[in-house]
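Hello,

Here is the structure I promised to pass on. Please open it first, then read my notes below with the view beside you.

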Amino acid sequence: MARFEVPEVDYTRYSNRQLAAIPLVVLAVALLVIGGAYATTGAPVDPGLDFTGGTELRVAVDAPSDAQAREDIRVAFTATPDSIQRVGTSDVYIVTFQTEGSETAQNEFTRQLESEAGEAGFDVRSIEGVGAAFGSETQNRALIGVVAAFAGMAALVFALFRTFVPSVAVVVSAFSDIIIPVALMNVLGIELTLGTVAALLMLIGYSVDSDILLNNSVLRRSGDFYESTYRAMRTGVTMTLTSIAAMAVMAVVASFFGIGLLASIGTILVFGLIADLMNTYLLNVSLLRWYKYEGVAR
Amino acid sequence: MSAWETAKDNWRVVLLVFMLVLSSLFLFAPAFEPSGSEGPAAQETATNLQYGLELSGGSRIRAPLVGVTAEAVQFEGGDTAEVEREVAAELESGDSSDVIARFSTNTSGTVELVSENATQADLRNALDAAGYEYETVRDGVTDETRQQTIEVLESKINAAGLSGGTVRTIGDGDFVLIEVPNDDLSEVRDLVNSRGTVQIAAYHRVQRNNTTEYVNTTVIRQEDFQTVGTAQQGGQGTGPHVPVSVQQSEAERVQRLFVETGVAGQGGTECTYSDDPQSTDPCILIIRDGSVVSSFGMNPSLAQSMRNGEWAQDPQFILVTGSFERAQQVSVDLRAGALPAGLALDEGTATAISAAQGEDFKRDSVIIGLLAVLTVAGVVFFRYGDPKVAAPMVVTAFSEVVVLLGFAAFIQYPLDLSVIAGFIAVIGTGVDDLVIIADEVMAEGDVNSRRVFQSRFRKAFWVVGAAAATTIVAMSPLASPWLSLGDLQGFAIFTILGVLVGVLVTRPAYGDILRALLTDR
């Protein structure tokens, strides 16, 4: 039976500076991307319908071709759709409208879209309208949630290890694990939704697993530093790859089916877990090695 | 080793099997079927699982209540009706149904302004002008008003025949969440959007400054009704209508007002309000949320019995509505009562999902879940190449989901897409921890003694426990009702539950299984 082994990395060939440089540069670039987005748009990441308010319709359109269906949709509504997305290869389309800046009240707007869809002969499969005020309220709460979750995680990590440098290593890695996906969202044009917020929270819990494993192996177990690191790495890489595989499948299949919630959770977790591989085995390892050989000696 | 000792030795496996059996019972045994047709999903299914709105279809409306509240208002000995009237008199609308006063101590209480677009400044100005002292004014309504509103919404939904609907508060209590199995969003919205204050007024002429003009005089308020019948198609003559009766205590007053305004005129009245409101006999108007729903006159015999005072002995009559639909609306409003405070729909969300879409979501999420499990199984088999290690790993991870499904069926938690996402997350974290256990146990050569196994397992479990704790901490803000506003609560709750089941039951059991397979006694 085919099997893979996690390759052993010869860490002795690289200095701590060299190891830490790559993840720190990536983190800096990610922060720049987010800062740039914030400077130009006033938001660290493009907020989606859940946070800006707007209406999303899922309609079945009876048309001979994809192009014709899209044309039918554009003609049917007086408002200009923000996006039209086909669900897989079916005749169902997800049409979104942003109410940003519009003076029409959300309630009335949704009602109008609903009746226009009906008049055009579309089969309305689902409709979701979010008021702008509700959206910004949700955004505030989501932000508080992410901050609270991160603070809770950091406090727990410090309580578990009770040493400064190793704990900081975990917290910095986890921070980078959520910053990099957010920057990637900006680059790839993925909007912030409730699903992506859930995924970011999930990442906070998920991504520290491999860091905890590494710290535990190096600090609490007997044996040489490199031996301990390799042992933790074999396990850690296996479990992160398993999760990446599962989440990638979920992201691909869910976007095919047009289930935005599951697709965005999957996508963000894939980004975050890949970032975690880099952060754990470059950044965290270098900080731990410095602590083990130099920090303790001082 | 006897059977008993084997079981005792592997008690973790026994516990897992017990949990699995229990879960299967909750899932499939008819005894645990959801009672009655409660909940938005009242359909026959193969399992006892309850499906939420997204998977079964229906409408969901979530909105805050409209209103501002003044706290610690000194009532100065007046009763609440008096306070309401005096404050309302200082408002532009002057409508006392927009003001709610409640005692919270013997001499003071809260005053709420619940009209649409009410601002804190409006209430401050009205209270100042009416001469009432107060401490603070804030957005939102009181708990009592919210509770009453929820009760009225529930009875409206029931009166409209939308059985299986639920109404509850979410967030920190300011939001109301309504879920009904009907996927016609407009219909549901219309039902809950109107406050449904119904009053019966007399439309009649008065002399004022030497000119004659028509005015409305309120005769019967919503709370004056004793009984309200269901909408009737009615025969010739009256047409669609709602039979009602007035409370005995109010009957004399109602009778007097009808006579004084001339509605109960000699020989009855002929109403031509809809065609020519400026030259009609006095009319009876049904006014719903400030607009006239229908107008009608009074027949001679009823007018006669009011004129000679007989009517007050048996104070009933019929509300003529013109159309059956309006009769139903008026009947629902009168029976359910008016909403104390309206819903600010523009500040909330409205969702409708058709039953067909719900079926699609259900099918698609099962496919996604199965594919995720297969992927995990594939990677694990590929990594270890040893079915003895990998097979129990996949089975254990899957059994976590079965236990969770059983739990969901037991507490009748409605499954939604976010719960499905939670299940998939549980499979992910579950396998992670099993990998930690397997690697740790098999590290550094063969496991040939139970003592070595135990010590390695314990070491592995420290990491598993720490990892579980961080996941729970990270997810708990989302699980708290205050933060999630309901949408992702299911995801967070089931992820946390999954982690707990994993740490307490399934992952230790995997350790036992692995030990049995790897140690040679």
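Start in chain B, at an open sheet of 4 strands. Their order is β3-β4-β2-β5, and the pairing is antiparallel. Keep in mind that this is a predicted model.

Which strands stand at the edges of this sheet? They are β3 (99-103) and β5 (136-139) of chain B. Each has a single partner strand, so one side of each is left without a neighbour in the sheet. On average, neighbouring strands are turned by 20° against each other, direction ignored.

Now look inside the sheet. Strand β2 (residues 68-74) of chain B pairs with strand β4 (residues 108-113) of chain B. The sense is antiparallel, and there are 5 bridges. To see one position, find A70(B): V111(B) in β4(B) stands opposite.

Two helices lie across these strands. Helix α4 (residues 80-89) of chain B lies across β3 and β4 of chain B. The angle between helix α4 of chain B and β3(B) is about 145°. Helix α5 (residues 120-130) of chain B lies across β2, β4 and β5 of chain B. Helix α5 of chain B runs at about 25° to β2(B).

Next, another sheet in chain B. This one is open too, with 4 strands in the order β9-β8-β12-β13 and antiparallel pairing. Here β9 (211-220) and β13 (291-296) of chain B are at the edges. Both have a single partner strand, so one side of each is left without a neighbour in the sheet. From one strand to the next, the twist averages 35°.

In this sheet, strand β8 (residues 198-208) of chain B and strand β12 (residues 283-288) of chain B are antiparallel partners over 6 bridges. What is the bridge partner of I200(B) in β12(B)? It is I286(B). Helix α8 (residues 248-260) of chain B packs on the sheet and touches β8 and β9 of chain B. Its direction makes about 165° with that of β9(B).

Step back to the domains of chain B. The assignment gives domain 1 (3-37 + 354-518), domain 2 (67-140), domain 3 (145-195 + 342-350) and domain 4 (198-320). The C-alpha centres of domain 2 and domain 4 of chain B are 31 Å apart.

Chain A is divided into domain 1 (11-47 + 134-295) and domain 2 (54-130). Their C-alpha centres lie 37 Å apart. How many residues of domain 1 of chain A are in contact with domain 2 of chain A? There are 5, and they meet 6 residues of domain 2. On the domain 1 side, α5 (132-161) and α8 (225-257) of chain A give two or more residues each. That side has 3 nonpolar, 2 polar and no charged residues.

Last, the contact between the chains. Chain A brings 63 residues and chain B brings 59. Several elements of chain A supply at least two residues each, among them α4 (106-119), α7 (194-220) and α9 (260-295). The largest share on the chain A side, 16 residues, comes from α8(A). By class, the chain A side has 38 nonpolar, 15 polar and 10 charged residues.

Strands also pair from chain to chain. β4(A) and strand β15 (residues 349-353) of chain B are antiparallel over 5 bridges. For one such pair, find E128(A): the bridge partner in β15(B) is T351(B).

Best wishes

Notes. Residues are numbered from 1 along each chain as its sequence is written. Chains are lettered from A and ligands numbered from 1 in the order in which they are written. This is a predicted model: local features need pLDDT of at least 70, side-chain atom pairs count only at pLDDT 80 or more; totals for chains, interfaces and linings use all residues. Domain bounds come from an automatic or database domain assignment. Two residues are in contact if their C-beta atoms, placed from the backbone, lie within 7 Å. Ala, Val, Leu, Ile, Met, Phe, Trp, Tyr, Cys and Pro count as nonpolar, Asp, Glu, Lys and Arg as charged, and the others, Gly among them, as polar. Two strands pair if DSSP finds at least two bridges between them. Axes are lines fitted to C-alpha atoms, for helices over the stretch in contact, and angles run from 0 to 180 degrees between N-to-C directions.
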